[in-house]
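Visitor: I have a structure open and would like a quick tour. Can we go through it piece by piece?
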Amino acid sequence: MSKPRARRYSVRMAGIGGQGVVTASHVLSNGVIIDKGESTMVPFFGSEKRMAPVESYVRISEDSIYEIGEIIYPNVIVIFHTQVITHGKSYTMPFYWGLKPNGVVIINSETDLQLNPDEERELRDMNAKVFHVPASKLAVEVGGTELATNMGMVGAIAGILGMPSAEAIAQSIKERFIGKGIVVSGGTAALDNVIERKFAKKAELVAKNNDVAVAAREYALERGWDSWWMDGYKDSSDLRREQAAATGAN
Amino acid sequence: MIHVLMSSDYLMLEAPREKEFITGSEAAKEAIRRANVDIAIAYPITPQSETMQQVGYLYAEGYIKDYYRGEEEIGVMSAVAGASRAGVRVLTATAGPGLMRGMEAIVSWPGARLPSVLLVMCRVVNTPLAIQPDNVEISYLLNAGGIVLHGENQQDFYDFPLAGFMTGEKPEVTLPVAVAVDGFFVTHARGWVNMPSEDLKLPPRNCYHEAVPMMDNENPPIRISRDAPIQKSNFISYQMHASWQQEIWAAQERAKKWLDRWLGGLIEIVNPKAKTMIVASGAAVSQSREAVRQGEEQGLDIGLIKVKSLRPFPGKELDEALDHADRIIVPEFNYIGWLSKEVKSAIKRSDRVVAGPRVFGGMTMPTELILETITGIKK
């Protein structure tokens, strides 16, 4: 396929309660705004709780965005937890329902998920590009906590879609956890000990979260996933399918 | 230092503005900050609560003289009537079922000629109940007698309440104003809002300069509810009612010129010469703008009319702007299709109106659905 004229992505994020899906959508959305792009986001409002399905929707673009509300027909689907697919913890079944042709699917998983043949076929018919990113693994290894999985997913999205920039994500994470008005380096001396300690803890939190985002972004870029929109580009499922065909395995 | 302005025109039209990326609730807060509100009264209900919480911060900062949580919506809406009768500038907000509960008091405001602003963050009112932005509740407001504005986005949720206060308090208007937006999509999502400096403030309400004098020690309450000749069945009573109701709806007509001035027209027209025209209000306008853009990419010529004011309804303006159109699509976020009925009754050759598409229970409207209705092709 050819690259869309003005880059314009409707991203549906699905995960489970407690993973920070909504926070991730805020960070992604604000990152694009920091980069002087346009973005709107809205979470799915219902009775959210830990381990229950959560969806959040982000529109990002280099051009004006008019639409509001949840995204029914996304061109990017991001799955934060494999249970969304394997346990059906999702508002949309199958997980790619509504995906537009030539879309992108990004799944948080260390290994390629084996989808059932119907799902494989439907995704192939839509020319969907499927990427598996080990965001939780990177979160533990780089950030020291699985809680940073969501920032790993933001990094991977940005790496694959080419927006927002790494600098904007860093700024967006900072604004999310510390707020706009505070500069990390200056002014800290004036704060009293308690605030300083709290602030130092927050600064560390911001740094670790950003490290995970950077690591996931690099993971995607090292594999050349940012070229997904080029003609004939093969994603991880394509390669696996070819390999399976060559060896006669299924 | 807060500057209380001598003229509302400066704040509404002339003051230089700067762009901020904020939620609809925050946009409403910024409007209230500049609106010189005397008292805010509300009872919490999702998705209105966040906005009134923001207004609470304004009270804490000293921008509002008094603020309290009423016992429930009938109490709140009755208290709003009391505050407005006492001559102060009053704000309230509610959503869905809260609006329904407060309706008994709300429909009494226009007849009592009580200026105020009621923010309505639309949500489902019928069964099965939900908190999503289905806007059927607006249809109940349309016959109440007050002015009803329907905002599309965060920018409107800043501009419309200010225009509401100023218009409602004009002596030839003297009516309450409801500013509705579709909940969550506007209130909880962020968008660009152009606003003047926060140290500017509207002039205060001039309650001695309205159609009905405010109630104080020298002016008893206007006597319309307890006088025997009016309440009993007799021809004096019927005559009184006829002139009184007529006057409310005439006051609405007189509000048009002020809304025109401060909202930049009762309607906004995009691509006016297109043979296929969409007419929409609220969040359906945003979805339609995107449908127009996508249509353009596919070589379709589609126009759009945004209806900003539902009461007064811009019937004449719509009739003129739609005269050339072959087909008129009216997408709505409710089952009843109140806007398509309004449009049909206002224009000539109403069989041109395609009454739909519609989404229910607070679902957003996919632009694909609008384009499918236009092309007749399912994707």
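Visitor: Let's start with chain A. What percentage of the 250 residues in chain A is buried?
Guide: Buried residues make up 45% of them. Keep in mind that this is a predicted model.

Visitor: How many helices and strands are there in chain A?
Guide: Chain A has 8 helices and 6 strands. Along the sequence the pattern runs β-α-β-β-β-α-β-α-β-α-α-α-α-α.

Visitor: And the contacts in chain A: what share joins residues at least 24 apart?
Guide: Take the contacts between residues at least 6 apart in sequence. Of those in chain A, 77% join residues at least 24 apart.

Visitor: Pick one residue for me. Where is A:Pro164?
Guide: A:Pro164 is in the loop between α5 (149-161) and α6 (166-177) of chain A.

Visitor: Why does A:Pro164 count as buried?
Guide: Because A:Pro164 has 26 C-beta neighbours inside 10 Å. The cut-off for buried is 20 or more.

Visitor: Which residues is A:Pro164 in contact with, leaving aside neighbours within four places in sequence?
Guide: The list is A:Gly31, A:Val32, A:Ile34, A:Asp35, A:Gly37, A:Ala158 and A:Ile169.

Visitor: What about A:Lys234? How many Å apart are A:Pro164 and A:Lys234 in space?
Guide: They are 23 Å apart, C-alpha to C-alpha. In sequence, 70 residues separate A:Pro164 and A:Lys234.

Visitor: Now the two chains together. How many residues of chain A are in contact with chain B?
Guide: 12 residues of chain A are in contact with 19 residues of chain B. On the chain A side, strand β2 (residues 38-43) gives the most, with 3 residues. By class, that side has 8 nonpolar, 2 polar and 2 charged residues.

Visitor: On to chain B. Which domains is it divided into?
Guide: Chain B has domain 1 (3-201) and domain 2 (267-375). Their centres, taken over C-alpha atoms, are separated by 26 Å.

Visitor: How many residues of the two domains are in contact?
Guide: 23 residues of domain 1 of chain B are in contact with 22 residues of domain 2 of chain B.

Visitor: Which element gives the largest share on the domain 1 side?
Guide: That is β7(B), with 4 residues. By class, the domain 1 side has 12 nonpolar, 7 polar and 4 charged residues.

Visitor: Sheets next. In what order do the 7 strands of the open sheet in chain B come?
Guide: The order is β4-β3-β5-β6-β8-β7-β14, and the pairing is mixed. The edge strands are β4 (66-69) and β14 (309-311) of chain B, each pairing on one side only. Neighbouring strands are turned by 20° against each other on average, direction ignored.

Visitor: Are β3 and β4 of chain B parallel or antiparallel?
Guide: Strand β3 (residues 39-42) of chain B and β4(B) pair in the parallel sense, over 4 bridges. One bridge joins B:Ile39 to B:Asp66 in β4(B).

Visitor: What holds paired strands together in general?
Guide: Strands of a sheet pair through backbone hydrogen bonds, either parallel or antiparallel.

Visitor: And the open sheet of 5 strands in chain B: what is its order?
Guide: It runs β11-β13-β12-β15-β16, again with mixed pairing. β11 (267-270) and β16 of chain B stand at the edges with a single partner strand each, so one side of each has no neighbour in the sheet.

Visitor: Which helix packs on that sheet?
Guide: Helix α14 (residues 367-375) of chain B does, touching β12, β13 (302-307), β15 and β16 of chain B. Its direction makes about 160° with that of β15(B).

Visitor: How do β15(B) and β16(B) pair: parallel or antiparallel?
Guide: They pair in the parallel sense, over 2 bridges. In β16(B), B:Val354 is the bridge partner of B:Ile329.

Visitor: Which residues of helix α13 of chain B are buried?
Guide: In α13 (residues 338-346) they are B:Trp338, B:Leu339, B:Ser340, B:Glu342 and B:Val343. They pack against α7 (137-141), β12 (276-280), α12 (315-322), β15 (327-329) and β16 (353-354) of chain B.

Visitor: Last one. At what angle do helices α8 and α10 of chain B cross?
Guide: The axes of α8 (residues 154-168) and α10 (residues 235-263) of chain B cross at roughly 145° and come within 10 Å. The crossing is right-handed. Among the contact residues are B:Ala163 of α8(B) and B:Trp258 of α10(B). The residues of this contact divide into 7 nonpolar, 1 polar and 1 charged.

Conventions. Residues numbered from 1 in each chain as written. Chains lettered and ligands numbered in written order. Predicted model: local features only at pLDDT ≥ 70, side-chain atom pairs only at ≥ 80, totals over all residues. Buried ≥ 20, exposed ≤ 12 C-beta atoms within 10 Å, placed from the backbone. Contact = placed C-beta atoms within 7 Å. Nonpolar A, V, L, I, M, F, W, Y, C, P; charged D, E, K, R; others polar. Pairing = 2+ DSSP bridges. Axes fitted to C-alpha atoms, helices over the stretch in contact; angles between N-to-C directions. Left-handed = near helix turned anticlockwise from the far one by under 90°. Domains from an automatic or database assignment.
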